[in-house]
Amino acid sequence: MDYDLFQSDDDEDILTAFDQATQKLQQDTLQGRMDVDEGDFESANEDEGLELLPEFCCSGRDTFKSQFPSESFLRNGYGQVNPPRCRMDSLCFDFSQGQLTVSSVRNYLNAEACKNVQKLFAAVAGQQHLQSAPSSMGACWFRSRQHVTHFYHLLLWMREERLIFESHLYLEDLRYLLNNQLDADAWKVLYFAENSKGNECQAPAYHLYHGILEWRFLDLVLLFSQQEQDQQGLSQLERTLDDLIVCAAHHYRGKHRPELIHSSPFMCRCTKELWLLLTRLIPLWLAEKDLEFWTLFHKAMQRHKQSHFQGDANGVNLAFHEFYAWLRLGLARLEEYNQEGIHQPECILPSPPASFQTATLLKQFLASQPDEQHRRVYLSLLAPLQLHLGQPDTDVLCQLWEYLHRSLNCNFNAGTELDQLPLTCPSGAAYVERYSKLLSKSQLEDLNLSSFTMYAWMLGRTLRLLPLQGRSNQRQKLLGRIFSKFSAAKLLALNESGIHHVIELFLCLLLSQGEDFGDLAPKLREMLLCLALEKLPPIRRVLVAKGHMALLLLHARHRLSFEDYLGKLLAQLAAIRNEVEVGAIYAGSLQAIFDLADDFNRGEQLLLGPWLTHYIEKSGQASQDRVWQALDSMIIRLDESKTVMMNESGIREGLQHNVLPLLRTQYVSGHSSWLPKLAAKFVSLEKEREREKLMLSFLQGPEPINLAASAQLMLQILEDHHQDIKPSSSVVLQVWVKSLVLLNAQHEAVVALTPHVVRLDEFRQLSIDPAALEGGREPLCAFFGALGRRAQQEEAAAHVRMQLSHKLHAYVNHFELWLPADRLRSEMGTRFYSFLAIVIYNCPSLAYVRSKPTCFFHLAMVRFLLTTQLQAGNAPEGRLPQMVHKIFPVLLQGIGRLPYRTDAYVSKTLEQLVQHWTPHFSFSPSAKLVARPYATLLQADQDGEITQHVLQLLVTQFLVVQRRKAGPHAGLVITILQQLVEATPREQAEQQLMTFLQAVSMPLLEHVMFVDELEHSRGQVLGLYRVLAAHEGFKRSVPLKELCCTQLRSLAEKHLAHCTYFYFQMLIKLAEVSADLVAPILPFVKEQAKQVELKRGAGEDVGIRKCLQRLQQVLS
């Protein structure tokens, strides 16, 4: 269109109008100064109008909660039928008010407005064809747009000034121009012309787009301001709606499907404001025709489908309905704005269901065979209309159920990675928690949820809303439609996905109930019971069990009796032989059910049945711990005084008959830390006269695998149940001693128990400094050392020692059961054998009771130190020789404090210890290490009595010569004896060597005499004497040398007459080793030789003479 068509033909008319208006204005002003009482028309006009004219100012892409600026139409009263008039001086024209009253001026402005519209269209078209306008033009686009908008405001003023006909002509010109220019191609360029800079943007497309929004709106306001224009206004309104929908459609095509639920269908807030103005004004404009916004919108959408979504293909229909739902939701959300344009979603009044046509459109959508992703997005766009922006439409839920129930066995998989994750929850409690959280959400915008889950959520939320709206009858109708689709046969035909969907449906139904829960729950549980476990494969059994546990938890939460229900569940479990996988689901709900119990009168006692015992026996450690924890929590609730026990007998019977026997077994064979806690609680629950018996059955029975169990149990009793249970001091000390043996003094249980022990009167009587228990010394040594010293006090009478002996045996009661057989080779075995030695060393007179086979001493020997296998010649296992080797000198010293010479049993025990253990000390190639027990004994024995006796036993048993052959262990014993000599310190040499020679010298010399000359042991003994003779202590000691001479003389008197040759051979060999040992007795030997010759009566014996001659030669 040519710009010149709108130019004035007579410029003189315009100049004349300027002069006339100016002169009139000057006269009016002068008249106003002369008469102050007359109002100033211009001032009054200024006061009545808007100082700042509204306009659209963009802020970029629209959001759900965007606010409208102060210069918006809505905030300036344009949401009313009669908007406020503008102040004439606010218009951007270069004319005064008086000049604007001139027709020629208005004609000029109309022409300028049309010219500016064409300029903007031409500029946008130039950009489209990459023809950039001069940069100087950039700043004038807003001015051009503003000129047109202000001209519309002038037309509004003209209507009020009764210039209707003239304004109608101008309006027709502009409308004709805009309608001809705005086609589909134009909107493709303009729909995205938003900009965050607002009206400072210099892009012509931005100003044209926002100008069109302003001009279309003001055009409609002008049209509907006169009733005779209603038909034309309706036509223009429909055209405006069509154009706005075209813009929204272009915006929709730029979105990915998942983006729809999080994005606004309006390109910018200016578009949103125009939509909002239309939703407010259309009911006012068309009130007489009884037309509403939604009616016009739905018609516009059908026109849009015919022109832009042509074809009957499912893909086209799905895209249209998706776009339809998106735009419909965006328009419905406009109701969240109040009259002033402020976003206040809490003040919304739900629209009736017919407004949105949700049921009709949903039916068309479902008929187009949508895939899962289409369904998820569509339901996300539908849900707010159902639950917040409109009143719930039960027909929508019925249609969805009719569609979805046929696909219960499907996964509703949308093909994403998240859909490959497991559908099901790990337990019944997890199901309840998941769907409780789900229903607590007022909005659901998570496309990772399946369409069926979305439906279940909508169903639950709707069932909550219907009673509040007085529509309970529709609720019952809806439930009836759902239940009609279930039969026993259909339920049994469900696969894993189908069972999961039924569970989530039932849970959403139940969680949506209030007071009616008790009416609906029995129906649902009976339907779920139709899925009999014995008729299902294992995987489905587990899933059904989760559903049952979820329903059971809801029964408990609503304080409904579930005894009958639980009985049927346990019967089904028994029918599949208490399958562990299903039992695990049942057991996983124990904690939650017990936590919800207040009087335990709803059937909780059935949970303590035989099935639980079977499950615990077959399950792993972690599963057992969860059950123990649940039982512990339940017993705590039983102990609470505020708990009113209506079914106490049933609960206690279940605990006593089913749980306690299992607890006894598990206490011994289990590692769980919950077992001692439960044992303590069971003791506290027992009748008062039976408590001690039950406690001792735990403490003094077979030793638990958990070595800290006894200490933990005693701590629970002393700290948490001290008011109900009073254990005796001996029991506490026994547990403490056992814990020290099996654990160590640094173990946390022992550390916690020690303060309780220190406060006992029995412990205080021993006068043990508590600090001694905290130092580096072994507490066992301090304790038994104090006990032994108490028994050895001179004033201690026999009956006092007897009492102390009884106490000792109480402290170590059943010690033979403490050490597990599989722990013998561990560090614990070393501690245990050290414990045996500590007791025997410190308390020998208390540990040994004559003729009492159950005394500590006897049990220690027969069970650990002198076992039947050892005495039968079987080699001890593992590290046992090393452990006994370590404690051997301590044992021997302890026995040395007993009457080992007069008591036959003690004497025999000592003899057997030496006999059976010495051969097994050869586990090391180090002779010094092998001899260490006897060397330690020799050095520690002050008077040498027990050492001498032990060495005599050693040589008597192992140096015996039979048929001139040495025993198999003679070499070992001689090596040990030689090490004793070598290890004797110079300072204590005389005393220790005296003990040594008194015990072993004569048997050693006799061994040299009678053993074959080729035997290795003969050379070993002579080597021993060589070491002895070279010892500094022996060299300086006259008594030792005299002792040796005396022993040689005794041997001469004993053996010279009958074993002359052997005796002289021994002396000769000994003289070769050390002449000093033999030289002093040479005269005595000669005298004895003469006496032998005399007794024989044959004169001089040539053999004796030759031996004497040979001896003299060696000594010389």
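Hello everyone, and a word on the ground rules. Residues are numbered from 1 along each chain as its sequence is written, and side-chain values use heavy atoms, with hydrogens and water left out. Since we have a predicted model, local features need pLDDT of at least 70 and side-chain atom pairs count only at pLDDT 80 or more, while totals for chains, interfaces and linings use all residues.

Let's start with the core. In soluble globular proteins, nonpolar side chains tend to be buried together. A nonpolar core here is a set of buried Ala, Val, Leu, Ile, Met, Phe, Trp, Tyr and Cys residues joined through side-chain atoms within 4.5 Å. Buried means under 20% relative accessible area, exposed means over 50%, and partly exposed is in between, using a 1.4 Å probe and protein chains only. The largest nonpolar core has 382 residues, and Phe784 and Phe835 touch the most other members. Which helix gives the most to this core? That is helix H8, residues 204-223, with 13 residues. Helices are DSSP runs of H or I with at least four residues, numbered from the N terminus. The core also draws at least three residues from each of domain 1 (72-126 + 140-226) and domain 2 (235-344), with bounds that come from an automatic or database domain assignment.

On a 1 Å grid over the protein atoms alone, a cavity is a set of points where a 1.4 Å probe fits but cannot get out, and its lining residues have an atom within 4 Å of a point. Grid points are joined across faces, edges and corners, and a volume is the space filled by probe spheres set on the points. There are 9 cavities of 30 Å³ or more, and the largest cavity holds about 70 Å³. Its lining includes Asp62, Phe64, Lys272, Arg333 and His343. By class, that lining has 5 nonpolar, 3 polar and 4 charged residues. For those classes, Ala, Val, Leu, Ile, Met, Phe, Trp, Tyr, Cys and Pro count as nonpolar, Asp, Glu, Lys and Arg as charged, and the others, Gly among them, as polar.

On to the cysteines. How many disulfides does the structure hold? The count is 0, where a disulfide is a pair of cysteine sulfur atoms within 2.5 Å. Take Cys114: the closest cysteine sulfur, in Cys92, is 15 Å from its own, so the two are too far apart for a bond. Cys508 is in no disulfide either, with the nearest cysteine sulfur, that of Cys425, 11 Å away. Cys114 is buried at 0% relative accessibility, and Cys508 is buried at 1%.

Leu566 sits in H24 and is buried, with a relative accessible area of 0%. Leu566 and Leu552 are 14 residues apart in sequence, and their C-alpha atoms are 7.8 Å apart.

Is Arg577 buried or exposed? Arg577 counts as exposed, at 74% relative accessibility, and lies in the loop between helix H24 (563-575) and helix H25 (580-588). Most residues other than glycine have a negative phi. Arg577, which is not a glycine, has a positive phi of about 60°. Asn578 is in the loop between H24 and H25, and its phi is positive as well, near 50°.

Methods:
On a 1 Å grid over the protein atoms alone, a cavity is a set of points where a 1.4 Å probe fits but cannot get out, and a pocket is an open set with protein on both sides within 12 Å along at least five of seven lines; lining residues have an atom within 4 Å of a point. Helices (H or I, at least four residues) and strands (E, at least two) are DSSP runs, numbered from the N terminus.
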